[in-house]
Amino acid sequence: MAEREEGFGISTASPSTALPVATEVASDGGYTAGPVLVATDVVVSYGGVHAVDRVSISVARGEIVGVIGPNGAGKSSFLGALGGQVKRSGGDISLLGKDISSMLPHQRARLGLARTFQTTSEFAKMTVFENLITSGEGNAGASLKEVVLHPRKTAQRERAMTDRAWEILQRFEMEHTVNLYGRELSGGQRRLVEIMRCLMRDPAVLLLDEPMVGVAPHLTGKLIEDLRAIRRDGLGIVIVEHALEVVRQLCDRVVVMAFGKVIAQGSFEEVVQDASVQAAYLS
Ligand SMILES: Nc1ncnc2c1ncn2[C@@H]1O[C@H](COP(=O)(O)OP(=O)(O)OP(=O)(O)O)[C@@H](O)[C@H]1O
Ligand SMILES: [Mg+2]
């Protein structure tokens, strides 16, 4: 517990001094204690207007951090800056101790940062199984050259990818959807497949932007349980979510943003009682 608390440094306070030292990858391939993701003073500006204004966050292994706040607070822009999809105009981001601030999204993904997106057309046109396989590491489909030159290696890799897909399908009790196309899934199933696609790459950190949108109310409990199970694997999760009941049930810690800044942080109970948070939601 003490180990996790060391990583709890969220603030808009200036620079990096208060933030913990970034995580090192241990020689056994596991990770040493400490945060998996650290962002310091991140700024995103659109045409000179700061949508994210010096936001800092630190996420530990196995921790779920909720980011909440009124519409337009800058939550998605912040998540985009973490994932690399949105240009950051200031600040630093490190993943497992490595500075990823200037990396492209796919480079960050390769290092262990996964992010869910809105459903794409490719997603809808592929079966669940194809969706999982194509999101696996280094798998854009083996080239003819690879197959000819390294047939055994290619076969082994495909086998490993297939095994991993089945393992994930079983874990989330989604085997029955394996041959269904993305477009045939319910909203909740689609959300789950998006998360399962991320897990194919065995990430260290998962970024989720409003994962409960489109999920039928009676299925949100199942998705919450699934996210808890993922957290038990040691992943750090950052979740932007409007549904406060979901945040209450899921998040170890909550960061509240308004007008691009962090206005409060703490447990769910602490932040909802905060006068500035109540004012931000009412304004
Ligand atoms: N691509 C963009 N170009 C210009 N302004 C943008 C862009 N994306 C977002 N903004 C603006 O930046 C601010 C923050 O937007 P953002 O989408 O990050 O907020 P949010 O907290 O995710 O809101 P919501 O809860 O509605 O999803 C808003 O004022 C928004 O209008
Ligand atoms: Mg948003």
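Colleague: Which residues surround ligand 1?
Modeller: Ligand 1 is surrounded by Tyr46, Ala51, Gly69, Asn71, Gly72, Ala73, Gly74, Lys75, Ser76 and Ser77. A residue is near a molecule or strand if its C-beta atom, placed from the backbone, lies within 6 Å of it.

Colleague: How do I read the numbering, and what kind of model is this?
Modeller: Residues are numbered from 1 along each chain as its sequence is written, chains are lettered from A, and ligands are numbered from 1 in the order in which they are written. This is a predicted model: local features need pLDDT of at least 70, side-chain atom pairs count only at pLDDT 80 or more, and totals for chains, interfaces and linings use all residues.

Colleague: Back to the ligand. Which helix gives the most to the shell?
Modeller: Helix 2, residues 75-83, with three residues. Helices (H or I, at least four residues) and strands (E, at least two) are DSSP runs, numbered from the N terminus.

Colleague: How do the shell residues divide by type?
Modeller: Three are nonpolar, six polar and one charged. Ala, Val, Leu, Ile, Met, Phe, Trp, Tyr, Cys and Pro count as nonpolar; Asp, Glu, Lys and Arg count as charged; the others, Gly among them, count as polar.

Colleague: What does helix 2 pack on?
Modeller: Four strands form an open antiparallel sheet in the order 2-1-4-5. Two strands pair if DSSP finds at least two bridges between them. Strand 2 (49-60) and strand 5 (98-99) are the edges, each pairing on one side only. Helix 2 packs on this sheet and touches strand 1, strand 2 and strand 4. The direction of helix 2 makes about 120° with that of strand 1. Touching means contact: C-beta atoms, placed from the backbone, within 7 Å. Axes are lines fitted to C-alpha atoms, for helices over the stretch in contact, and angles run from 0 to 180 degrees between N-to-C directions.

Colleague: How many bridges hold strand 1 and strand 4 as a pair?
Modeller: Five, in the antiparallel sense, between strand 1 (residues 35-46) and strand 4 (residues 90-95). Leu37 has Leu95 in strand 4 as its bridge partner.

Colleague: And strand 4 with strand 5, how many bridges there?
Modeller: Two, again antiparallel. Ser94 is bridged to Asp99 in strand 5. The two strands form a hairpin with two residues between them. Leu96 in that turn has a positive phi of about 50°.

Colleague: Are they buried or exposed?
Modeller: Glu173 is exposed, with 11 other C-beta atoms within 10 Å. Glu210 is partly exposed, with 19 C-beta neighbours inside 10 Å. Buried means 20 or more other C-beta atoms within 10 Å of a residue's own, exposed means 12 or fewer, and partly exposed is in between, with C-beta atoms placed from the backbone.

Colleague: Why is strand 7 described as largely enclosed?
Modeller: Because five of its five residues are buried. Val205, Leu207 and Asp209 point one way, and Leu206 and Leu208 the other way.

Colleague: Which strands pair with strand 7?
Modeller: Strand 6 (residues 113-115) pairs with strand 7 in the parallel sense over three bridges. Strand 8 (residues 236-240) also runs parallel to strand 7, joined by five bridges. Leu206 is the bridge partner of Ala114, and Leu206 also bridges to Ile237 in strand 8.

Colleague: New topic. At what angle do helix 8 and helix 9 cross?
Modeller: Roughly 10°, and the axes of helix 8 (residues 187-199) and helix 9 (residues 217-232) come within 10 Å. That makes helix 8 roughly parallel to helix 9. Angles under 35 degrees count as roughly parallel, over 145 as roughly antiparallel, 65 to 115 as roughly perpendicular and the rest as oblique.

Colleague: Which residues meet there?
Modeller: Gly188, Arg191 and Leu192 in helix 8 meet Leu219, Leu223 and Asp226 in helix 9. Three residues of that contact are nonpolar, one is polar and two are charged.

Technical notes: Two residues are in contact if their C-beta atoms, placed from the backbone, lie within 7 Å.
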